Amino acid sequence: TVKAVIFDLDGVLVDTAIYHFQAWHRLAEDLGYSFSIVDNEQLKGVSRIESLELILKWAGVEKSEAEKADLLVLKNQWYLELIEQLSPDHLLSGSLELLKKLQEKGIKIGLGSASKNAMGILEKTGIIPYFDALIDGNVVQLSKPNPEVFLKGAKVLEIVPAHCLVLEDAQAGIDAARAAGMQVIGVGLEEHLKGADLVVADLGTLVDKF
Ligand code: B16
Ligand code: MG
């Protein structure tokens, strides 16, 4: 039985993955690297600094710690510009319906995101009131696939991992949920979501399951 659902943010609740891609693409271009949508798949669910390390590796470019810090600020500025106009219209299909259904059924709701921008995104999209626990990139030390983000969520929700269900759009997130001992449903394409208990195209499919 599922007593709590822990949502990933980017790519599950909100359509922000595309803006991460655009901002990284712009940064990679400045580094002389042509960053593809295939590369981007490997950055999903991965922290900001680890994403930059991967791009630098692919580009074959070395930077000092100070330069990396500047690049991260730049990427985030571009990303924030791109999400400036974010509104409830950017909620992914079925997400609002599912949040409402879970609340109605008394199933606890948590957020388990790697993003340091998560709170701003939840505010802009108007869904903060649904959450019983909010775990984001500001309170987590270890990136997905480490299970820390989801285990922290379960602790705040006071639900044992075996009764938690994670919803994820990234392979790193599926692996993190598995490592936490939780059930996990992938949102997106099966080829990017190995090890999920189930893969759905969008959250709307899940509304009737609760
Ligand atoms: P930020 P999620 C993740 O969010 C994104 O999937 C990933 O692409 C991003 O690098 C990471 O957050 C950090 O985001 O730069 O906003 O702190 O999918 O775990 O909700
Ligand atoms: Mg995600």
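So, helix α8: Q171, A172, G173, I174, D175, A176 and A177 are buried there, where buried means 20 or more other C-beta atoms within 10 Å of the residue's own, exposed means 12 or fewer, and partly exposed is in between, with C-beta atoms placed from the backbone. That makes α8, residues 171–179, mostly covered, with seven of its nine residues buried. What do the buried residues of α8 pack against? They pack against α7 (148–157), β4 and β5 (183–187). And just after α8, G181 has a positive phi of about 80°.

A quick word on the model, then. It is a predicted model, so local features need pLDDT of at least 70 and side-chain atom pairs count only at pLDDT 80 or more, while totals for chains, interfaces and linings use all residues. Residues are numbered from 1 along each chain as its sequence is written, and chains are lettered from A and ligands numbered from 1 in the order in which they are written.

Okay, the sheet. It's open, with six strands in the order β3-β2-β1-β4-β5-β6, and the pairing is parallel; two strands pair if DSSP finds at least two bridges between them. On the edges we have β3 (133–135) and β6 (198–200), each pairing on one side only. Neighbouring strands are turned by 20° against each other on average, direction ignored.

Let's look at β1, residues 4–7. Four bridges join β1 to β2 (residues 108–112), running parallel, and I6 has G110 as its bridge partner in β2. With β4 (residues 164–168), β1 also pairs in the parallel sense over four bridges, and here V5 has L165 as its partner. As for the side chains, A4 and I6 point one way from β1, V5 and F7 point the other way, and all are buried.

Now ligand 1. Which residues come nearest to ligand 1? Of the 20 around it, those are L9, D10, S113, A114 and K116; a residue counts as near if its C-beta atom, placed from the backbone, lies within 6 Å. The shell splits into five nonpolar, ten polar and five charged residues. For those classes, Ala, Val, Leu, Ile, Met, Phe, Trp, Tyr, Cys and Pro are nonpolar, Asp, Glu, Lys and Arg are charged, and the others, Gly among them, are polar.

Next, a helix pair. The axes of α3 (residues 48–59) and α4 (residues 65–83) come within 10 Å and cross at roughly 110°. Axes are lines fitted to C-alpha atoms, for helices over the stretch in contact, and angles run from 0 to 180 degrees between N-to-C directions. So α3 and α4 are roughly perpendicular to each other; the cut-offs are under 35 degrees for roughly parallel, over 145 for roughly antiparallel, 65 to 115 for roughly perpendicular, and the rest oblique. At the contact, R48, I49 and L52 in α3 meet K68, L71, L72 and N76 in α4, contact meaning C-beta atoms, placed from the backbone, within 7 Å. By class that's four nonpolar, one polar and two charged residues.

Last, T205, in the segment after β6. Leaving aside neighbours within four places in sequence, T205 contacts G94 and V200. T205 and G94 are 111 residues apart along the chain, yet their C-alpha atoms are separated by 7.6 Å.

Terms used
Helix = DSSP H or I, 4+ residues; strand = E, 2+ residues; numbered from the N terminus. Contact = placed C-beta atoms within 7 Å.
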